[in-house]
Each structure stands twice: as C-alpha cells, then as structure tokens.
Amino acid sequence: MDAVGYGFPSDIKGPNGCGKTEVSCVWASPEGGQKIDIGKHIFCNRAVNMKNIVAVGFDMDYTLAQYKPETFESLAYNGTVKKLVANLGYPNELLDWSFDWTYMVRGLVLDKKRGNILKMDRHKYVKVAYHGFRLLSKDEKVATYGNTLVRDAFDEPDYALIDTLFSLAEAYLFAQLVDFKDNNPEKISEEKDYFCMYRDVRAAVDLCHRDGTLKQMVANDPKKYINEDNSIVPMLQMLRTSGFAVFLVTNSLWDYTNVVMNFLCGPPKPDGSSSLTLDWLKHFDVVISGSAKPKFFHDENRTNLFAVDTDSGMLINTDNGSPMAQVGGPSLELPDQMPDKSYKVFQGGNVGHLHKLLNVESSSQVLYVGDHIYGDILRSKKVLGWRTMLVVPELEKEVKLLWHLRDTRKQLMILRSERDHIEDQIHHLKWSLQCDCLDAHEAKKAQSKLGSLEVQRERVRVTHQEAQKVFHEKFHKVWGQLMKTGYQNSRFAHQVERFACLYTSQVGNLGLYSPAKYYRPSEDFMPHEFDIFSL
C-alpha cells in the first residue's frame with residue numbers, strides 16, 4: 001500500500017501473506033512454528049485476528065528500546081538527586097545515597113500525603129503497605145485504609161500510580177526521603193511534608209529530562225543503557241513483507257529517536273563508529289516523533305503535523321503529510337524544488353493525521369504495541385478502539401517461575417481448601433452446641449472434637465500463611481507476584497486485563513507467531529464453574 005500525502009514507495013505485497021521480496025519471513029524459516037518458550041508467549045485477553053489488521057504500530061522507549069535498569073535508571077536516579085540538592089535545597093547527604101533498582105515494581109501506588117507505598121488487589125483493597133521502607137502492621141493498614149465511610153478511589157492528586165518502568169527510580173527516592181524525614185526531622189524544612197517532597201521529586205525528574213543530560217548520555221553510549229535485541233529487525237521485516245503498514249509513534253523527538261533506532265535497527269558498525277544513518281527507516285512506513293501521547297490519541301487535539309527533514313531536523317508545515325508553502329517562502333516553486341522528496345518522519349499531529357497517512361478506514365484495523373497502560377494502551381483502546389498489545393518485560397521471569405512452582409501452587413490451594421473444610425466442621429459443631437440439640441454425652445464429645453479441630457485449623461492456617469509468604473517471596477522479596485496480591489489479581493493485572501488485548505514480555509515475540517494468526521482468549525471461569533470445569 002502506498003502512503004498518502006508524501007509519496008514514499010512501499011515494498012509491501014500483502015495482504016498478510018509473504019510477498020516475493022528479498023526479505024524472508026521469520027515464520028517461514030526452519031525455526032518458524034516450533035514450540036515457543038513459555039516466557040515468550042503472547043497472551044490473549046480479547047480476540048485479535050491479524051487478518052483484519054492493516055497497520056501495526058510501536059512505541060519506542062521501553063517497547064522497542066528496553067533500557068537497562070542498572071545503568072539507565074541509576075543514571076536517572078543520580079540526576080534527580082543532584083537536582084534536588086542543587087535546585088531545590090535538599091541536604092548534601094542525599095548525594096551519598098544509592099539506588100536499588102530491584103526494590104520497586106510496577107503496579108504500586110504512592111500515597112503522597114502519608115508517605116506510604118501500597119500494593120492493591122483488583123478491587124482496590126490495600127494488601128501490602130509500607131511507610132517509606134517500614135512495613136505497616138495489619139492494624140495500621142486497616143486503621144488507615146479500611147475504616148472509612150466512603151471508599152478511597154486512590155487516584156490523583158493524592159496518589160501517584162507507578163505504572164511505568166520510568167517511575168521506579170522516583171518511587172524509590174520518595175521512600176528514601178520519607179525515611180530520611182522521619183529519622184532526621186531537623187534536616188528537612190517543616191514546610192516540606194510528604195506531599196511536597198513527592199512534588200519536588202517529580203520536579204527534579206522533569207528537570208533531568210528537560211536539560212537533555214540523560215538523553216545525551218544515552219546517545220554517547222547506547223550499548224551501555226539499552227539492551228540489544230536481534231529479534232526486532234526480523235520481526236519488522238516479517239510484518240512489512242506480510243502486508244502490514246508499520247509505524248512508530250513516540251514522545252521522543254527526532255534527534256533522540258534517530259539515535260535509539262539506529263542502535264536497535266541500524267546496520268552493524270564493525271569499526272565501532274557512532275555515525276548515524278537512515279537505513280532503519282526502511283522498516284517503517286510512518287514515524288511520528290514528539291507525539292505528546294496520550295493527548296495524541298484524541299482526534300480533537302488540534303496540534304499541527306510537521307514533516308521532519310531527516311538531514312537537518314528542520315520542521316516543515318504540512319497538510320496531513322503534504323508539504324505546504326511557508327509564509328513568505330517560495331510557494332510557487334515548492335513543487336519544483338522537491339519533486340521526489342519523500343517524507344515518512346513527522347512531529348506532532350494527532351491520531352486523525354496518522355489514520356490518513358496510513359489509509360486506515362477503521363480504528364479496529366490498527367494494532368498498537370506499547371509499555372505504558374495509561375500513555376499507550378488505555379487511551380488507544382478506550383478512545384479509539386485500536387487493538388492493543390502491552391509489553392511487560394517482568395513477565396518472562398514471572399511466567400517461568402510460575403511454571404517451576406506449579407506444584408507448590410497446587411499445595412497452597414489444597415491447604416486453603418483444607419482450612420475451609422475444617423472451619424465448616426467447627427461452625428457445625430458450634431451451632432449444634434448452641435442449639436442444645438445434643439445430650440450431655442454427645443455435647444462433651446462435640447466439645448472435645450471442637451477443641452481438636454480448632455487446634456488443627458490453627459496449624460493449617462499457620463502452615464498455609466507461611467507457605468504462601470515463601471511462595472510470593474520467590475517472585476519478589478517485598479512485593480511478591482507482579483500479577484497477584486494473595487489469591488486476587490493485583491491492580492496492575494486488572495489494568496492489563498481491561499485494556500490490553502494481548503500482552504507479552506518482549507516486542508520481538510511477535511516474530512515468533514504467524515503474521516496471520518488468530519489470537520483467541522482462554523475461556524473465562526466464574527467461581528461456580530471453576531471446580532467443575534477447571535482442568
């Protein structure tokens with residue numbers, strides 16, 4: 001399909017079947033169709049038939065580009081601390097702090113007013129709570145979040161949602177500041193309460209991104225901060241040769257986008273040179289940088305769409321992609337000046353511009369792959385009806401561990417069922433004794449059995465509780481399973497289920513499946529069906 005308005009050629013043969021091009025499909029290779037490692041599966045919440053998809057799009061940061069937390073997040077953390085000290089008047093002691101990138105996980109909620117970090121289930125019940133790094137007792141937790149007449153929504157402005165990997169460093173720094181203020185009240189101004197400290201952390205993070213320091217460090221040595229992924233280019237080639245239009249929509253501006261995409265998709269440089277080329281653009285039909293997601297997903301957003309001159313970085317005003325004469329410029333000569341100029345890189349605009357550039361007739365024909373539930377997935381799904389895929393890098397380890405511990409999980413379920421059975425017997429005996437329907441001898445026997453059952457119940461309860469704690473700590477010492485809180489789905493899992501049609505651990509996993517695959521969800525089970533139909 002040829003793109004509208006900017007006239008670049010396309011080598012797509014489509015629809016959804018490998019064309020006769022110089023690029024061979026990954027799916028058609030000898031490795032295609034083989035058993036896929038469980039950590040690389042694509043999981044389906046809502047049916048997606050790839051034969052109905054005409055365009056597949058990607059976010060860049062933390063989707064195509066997976067940053068190394070031990071280097072990139074540490075870089076962001078150190079930069080934020082320096083801004084807090086230099087710009088916002090915090091003590092120099094903060095400069096000696098370090099960042100534990102393994103401590104925080106996605107799906108947490110920060111209580112800005114109280115200085116607490118919460119993990120909730122899908123019903124928004126707080127299951128785990130820390131004040132700074134101090135675990136709140138059950139009584140403290142209930143007193144704070146369980147004894148209210150009106151249920152808290154746990155939304156902004158009093159709470160902050162840690163839903164992106166970008167947010168882990170600021171969450172950790174907030175916890176450190178809470179502990180520091182509690183233990184050293186004289187070193188932080190009384191005017192700076194927990195809420196104010198969080199606001200300062202956010203301001204410092206924004207300063208780090210605004211001054212360009214972080215991106216310049218990445219640009220100087222991408223390999224230090226970004227994981228290499230050899231599966232991305234074959235996956236993109238397979239999509240394009242299978243008939244899909246492929247696009248990139250990122251909030252990063254063109255200069256940084258070009259650096260990152262060169263590292264991920266550019267030709268190898270055996271001499272170690274850092275020179276940038278535009279070779280990676282052949283894998284995409286449209287690239288939109290500086291998109292300002294999630295605002296980009298609103299068609300009423302009136303932001304202008306500019307074409308980007310990839311050589312100079314200059315922006316050229318457009319009408320849905322077609323270059324327009326500039327005010328005071330050589331309007332009549334413009335077509336003669338640029339007869340063969342191809343534009344596929346743009347900045348700004350909105351989703352309406354993108355649909356026209358891609359010739360998309362229905363929003364359900366678009367599959368968009370991103371890492372941010374609110375920035376990438378929620379708006380594109382709720383507002384547009386795009387098909388969505390969420391990238392959850394933590395999933396690979398979690399799924400493999402679940403498989404390894406599947407027998408332990410079964411034992412936990414058996415212990416839980418045993419506890420329920422014992423409690424039913426206890427309730428029956430207590431009711432019998434209360435109703436005086438037993439003679440003295442039977443009552444004595446019942447009383448004795450009741451005591452024995454209560455001892456047995458306590459033993460099973462403690463065994464189950466300790467075993468469950470050990471089970472969850474296998475996933476994370478502090479927060480347990482990413483997708484669970486106890487036996488309930490976590491708030492993060494609930495968001496994934498609601499807004500992501502598909503989810504997987506790495507974007508390259510798309511290349512392991514047929515480009516014409518029909519993704520079908522597993523059957524839903526209600527509680528009354530589970531014991532009957534579960535396999």
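Reader: Let's start with glutamine 506: which residues does it touch, not counting those up to four places away in sequence?
Author: Glutamine 506 sits in the loop between strand S19 (502-504) and strand S20 (518-519); helices (H or I, at least four residues) and strands (E, at least two) are DSSP runs, numbered from the N terminus. A contact here means heavy atoms within 4.5 Å. With residues up to four places away in sequence left out, glutamine 506 touches Gln66, Asp229, Val391, Pro393 and Glu396.

Reader: Before we go on, what kind of model is this?
Author: Residues are numbered from 1 along each chain as its sequence is written, and side-chain values use heavy atoms, with hydrogens and water left out. Local features need pLDDT of at least 70, side-chain atom pairs count only at pLDDT 80 or more, and totals for chains, interfaces and linings use all residues, as this is a predicted model.

Reader: Thanks! How far apart in space are glutamine 506 and valine 392, C-alpha to C-alpha?
Author: In sequence, glutamine 506 and valine 392 are 114 residues apart. From C-alpha to C-alpha, their separation in space is 7.0 Å.

Reader: What share of contacts between residues at least 6 apart in sequence joins residues at least 24 apart?
Author: The protein has 16 helices and 20 strands. Among its contacts between residues at least 6 apart in sequence, the share joining residues at least 24 apart is 76%.

Reader: Where does UniProt place the feature "binding site"?
Author: The UniProt entry is unreviewed, and such annotations, given in the numbering used here with shortened feature names, may be inferred rather than shown by experiment. The annotated residues are spread over 313 residues of sequence, yet cluster in space, with a largest C-alpha distance of 7.5 Å. The record places "binding site" at Asp59 and Asp371.

Reader: Is Asp59 buried or exposed?
Author: Asp59 lies in the loop between strand S3 (55-58) and helix H1 (69-88). Its relative accessible area is 5%, and buried means under 20%, exposed over 50%, partly exposed in between (1.4 Å probe, protein chains only). Asp59 is therefore buried.

Reader: And what is the relative accessible area of Asp371?
Author: Asp371 is found in the loop between strand S15 (366-370) and helix H11 (373-384). It too counts as buried, with a relative accessible area of 6%.

Reader: Which side chain makes a polar contact with the side chain of Asp59?
Author: A polar contact is a pair of N or O atoms within 3.5 Å; within protein, one must be able to donate a hydrogen and the other to accept it, and residues adjacent in sequence count only if both atoms are side-chain atoms. At 3.3 Å, the partner of the Asp59 side chain is threonine 63.

Reader: Which pocket has Asp59 and Asp371 in its lining?
Author: On a 1 Å grid over the protein atoms alone, a pocket is an open set of points with protein on both sides within 12 Å along at least five of seven lines, a cavity is a set where a 1.4 Å probe fits but cannot get out, and lining residues have an atom within 4 Å of a point. Both Asp59 and Asp371 belong to the lining of the second largest pocket.

Reader: Which helix gives the most to the lining of the second largest pocket?
Author: This pocket has a volume of about 1,500 Å³, where grid points are joined across faces, edges and corners and a volume is the space filled by probe spheres set on the points. Of its 48 lining residues, Asp61, Phe166, Arg202, His209 and Asn251 are closest to the centre. With seven residues, the element giving the most is H4.

Reader: How many charged residues line the largest pocket?
Author: The largest pocket, about 2,500 Å³, is lined by 39 residues, with Arg409, Lys484, Asn489, Phe525 and Phe530 nearest its centre. H13 gives the largest share, seven residues. Ala, Val, Leu, Ile, Met, Phe, Trp, Tyr, Cys and Pro count as nonpolar, Asp, Glu, Lys and Arg as charged, and the others, Gly among them, as polar. By class, the lining has 19 nonpolar residues, seven polar, and, as charged, 13.

Reader: Last one: which helix gives the most to the lining of the largest cavity?
Author: The structure holds two cavities of 30 Å³ or more, and the largest has about 60 Å³ of space. Its lining includes Arg409, Leu412 and Gln468. The helix giving the most, with three residues, is H14.
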